[in-house]
Structure formats: structure tokens, C-alpha cells
Amino acid sequence: EESGSPAIVPEADWQFSTRDRHDRDAVPFEPETLAPVVNVVVGSPQVQRPGMKKLILSQMRAAKPMVILDNTPNVAKQLAAFVSVVSMVWERAPLTKCRRFLSESEGTVLSGHPTASELLQAMSPSEIMREMEKRCGGQGIDGEDKLTLSDVVELLDVVNQRPQAFRETVHVLDPLQETPDQSMHQLMSVFTTNNHKYKKGTNSSSIHRSLVTKGWSLHYKLERSADHLHRWASILTMTIFTMMFLCTPLAMFLVHTHLEGKVVPYEGLLHTLILSLLITAGMLMVIQNNSQMGLRWANTHVASSRVVFEVYQFLGG
């Protein structure tokens with residue numbers, strides 16, 4: 001038999017916390033190790049996070065899935081305007097829709113049915129920037145997070161490099177115009193995007209840069225080593241030459257004075273000096289022959305030049 005009294009619902013304890021911390025600082029991990037991560041960009045007039053533009057641009061360069069909520073202020077509205085303009089290249093009659101965003105030189109050349117890649121390359125960043133300012137109005141946008149012409153150029157470069165990745169990983173959601181059924185297909189496509197296939201280009205670019213940096217670092221070390229060897233080889237050669245040069249006039253002076261029958265002052269000291277110079281020069285010559293500094297310098301210099309050749313060949317290939 002049911003009771004007529006209402007069921008008692010326990011109140012939520014909003015002060016409850018676990019004994020151990022399990023936030024990101026306490027347990028650092030990459031979310032992508034558990035599931036694909038999708039970035040949702042939502043603008044707010046009350047909350048403005050510093051560095052938001054830089055973070056979003058870095059995510060777009062890395063081909064990370066992103067959903068931009070249109071008709072929200074700040075950087076989200078600007079990005080939505082940019083994406084909507086660029087996405088025209090994949091719509092029907094793209095040349096007609098994109099003609100006002102093309103540069104003057106390229107707009108007159110394109111005709112017929114140009115490809116999306118040709119349209120993207122012909123787009124003028126300044127025209128796109130003008131359209132973004134027209135749609136956003138520039139009101140209420142923080143100066144640090146406001147997209148500039150250089151940002152538009154960078155975004156266009158990202159789209160030109162990986163147009164298919166941009167098309168599949170970036171979506172603008174307009175809650176005022178689209179119905180849930182219309183948005184579901186695009187959202188699911190973004191949420192399930194396998195962006196690992198696009199990471200190859202990003203990673204290869206970073207690996208390419210890392211290899212070139214290591215190559216120039218090795219060239220720098222070899223050049224420093226070659227300079228060090230060349231310096232010591234020069235010092236040894238000049239020291240041996242100086243000692244042998246001093247011994248010769250001293251010996252000639254002693255012989256000449258003996259032939260003339262003159263008394264040489266400090267003759268014993270001069271003999272000791274000549275003998276010391278000869279012994280020191282002989283020891284230095286032994287060290288020079290054993291160390292092979294000249295040969296080591298030549299080999300190091302050749303290796304340094306070879307590294308430069310390989311770096312430029314790698315860049316050219």
C-alpha cells in the first residue's frame with residue numbers, strides 16, 4: 001500500500017569533495033589518450049580569457065577538431081565570419097560567391113570552373129578582413145584577441161596547406177539559423193574526425209624543422225672545433241718557427257766571434273739558451289707530428305662543409 005506522503009529527496013551537498021585531488025594539476029595526463037578532443041569556441045562578453053586567440057590559432061594549425069559557435073562575441077564571431085567566407089569555395093557556383101573576395105590580379109584570370117585550391121590561393125586577405133569587420137563591427141572585441149590582417153594571412157596559409165583537414169575539422173554552428181537535425185550531421189562528422197591522419201603533416205613539419213636545426217647545430221660545433229684546432233696548429237707552427245729562427249742567428253754569432261778570436265760575454269748562457277731552444281723546438285715538432293692537428297683541422301673543416309651540403313640538399317629535396 002502506497003503512502004500518501006511525498007517522497008523525501010535528499011538535498012545536494014555542494015560542499016562535498018573527494019579526499020584526494022583528481023584535477024589536471026594533481027593527475028596530469030593528455031585527454032587525447034582517452035578519447036578524441038574537440039575544441040568548442042564560445043564567445044562571452046563578460047568573460048575574456050587572455051591569450052584565447054593564440055590558443056585557437058595553435059589548435060587550428062595542429063588540425064584539431066573545432067566547433068565555433070556563431071553569433072557569440074569576441075574571437076568566436078570573427079572566426080565564424082572567416083570560416084563562412086572560406087567555406088564558400090566548397091559550395092555550388094563557388095566562383096560567383098567568392099569573386100568579391102578575390103584579389104584583382106587573380107580575379108580576372110580565373111574563369112569557368114576553378115578548383116577549391118585555386119580559389120583559396122586567389123583570395124585576398126584584405127578583402128576577407130573587410131568582410132569580417134563588416135559582419136562583426138569590431139565592437140566589444142578585446143584588442144589582444146582581435147584578429148588582425150596578419151592573422152588572416154596565417155589562417156589562409158593553414159587552409160591552403162591542408163584544405164581537406166580544415167574542411168573536416170572546423171565547423172561553424174549557428175543556433176539561431178540551424179535546427180538540431182541540420183547541425184547533428186556536421187557535429188558528428190567533426191566529433192568523429194580521425195585527425196591522426198592530419199597530424200602526419202604537422203608532425204613531419206616539426207620533425208623537418210628539428211632535423212634542420214640539429215644539422216645546423218652540428219655544423220656550428222664542427223666549425224668551433226675546426227677553429228680551435230686551427231688556432232692551436234697555428235700556435236705550434238709559429239712557436240717552432242720562432243725558436244728555430246732565434247737559434248740560427250745566435251749560432252752564427254757564436255761562430256763568427258770564435259773565428260774573429262773575440263771574447264763572447266755570457267757564452268755559457270748563450271750555449272744553454274741555444275740548446276734549450278733546440279730541445280724545445282724538437283719536442284714541439286714531436287707533439288705536432290703526433291697530434292696531427294693540421295690533418296684533424298682539415299678533416300673537421302671538410303665534415304662541416306659536408307653537413308652544410310647535406311642540409312641544403314635536404315631542404316631542396
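pLDDT is the predictor's confidence in each residue, on a scale from 0 to 100. The protein chain averages a pLDDT of 79, and 82% of the residues score at least 70. Helices here are DSSP runs of H or I with at least four residues, strands are E runs of at least two, and both are numbered from the N terminus.

A few ground rules. This is a predicted model, so local features need pLDDT of at least 70 and side-chain atom pairs count only at pLDDT 80 or more, while totals for chains, interfaces and linings use all residues. Residues are numbered from 1 along each chain as its sequence is written, and side-chain values use heavy atoms, with hydrogens and water left out.

**Charged pairs**

Side chains of opposite charge can pair when their charged atoms come close. Take a salt bridge to be a side-chain nitrogen of Lys or Arg within 4 Å of a carboxyl oxygen of Asp or Glu; a search of the whole structure then turns up eight.

| Pair | N to O distance |
|---|---|
| Lysine 53 and aspartate 151 | 2.9 Å |
| Lysine 77 and aspartate 70 | 3.4 Å |
| Arginine 135 and glutamate 131 | 2.9 Å |

What does the bridge between lysine 53 and aspartate 151 tie together? Lysine 53 sits in helix 1 (residues 52-61) and aspartate 151 in helix 7 (residues 149-161), so the pair joins parts that are 98 residues apart in sequence. For burial, the cut-offs are under 20% relative accessible area for buried, over 50% for exposed, and partly exposed in between (1.4 Å probe, protein chains only). Lysine 53 is buried at 14% relative accessibility, and aspartate 151 is buried at 9%. Aspartate 70, the partner of lysine 77, is buried too, at 15%.

Arginine 135 and glutamate 131 are four residues apart in helix 6 (residues 125-136), which puts about one helical turn between them. An α-helix has 3.6 residues a turn, so residues three or four places apart point the same way. Even so, arginine 135 is partly exposed at 34%, whereas glutamate 131 is buried at 9%. Arg100 joins Glu131 and Arg135 in a network of salt bridges.

**More on helix 6**

The expected span of a helix is 1.5 Å times one less than its number of residues. For the twelve residues of helix 6 that gives 16 Å, and its end C-alpha atoms are 16 Å apart, which agrees. Its buried residues are Ile128, Met129, Glu131, Met132 and Cys136. Glycine 137 follows helix 6, with a positive phi near 80°.

Which residue in the loop between helix 1 and strand 2 (66-69) is of interest here? Alanine 63 lies in that loop, and its phi is positive, near 60°, although it is not a glycine. Alanine 63 is buried, with a relative accessible area of 4%. Asparagine 71 also has a positive phi near 60°, and it is found in the loop between strand 2 and helix 2 (75-86). Asparagine 71 is partly exposed, at 40%.
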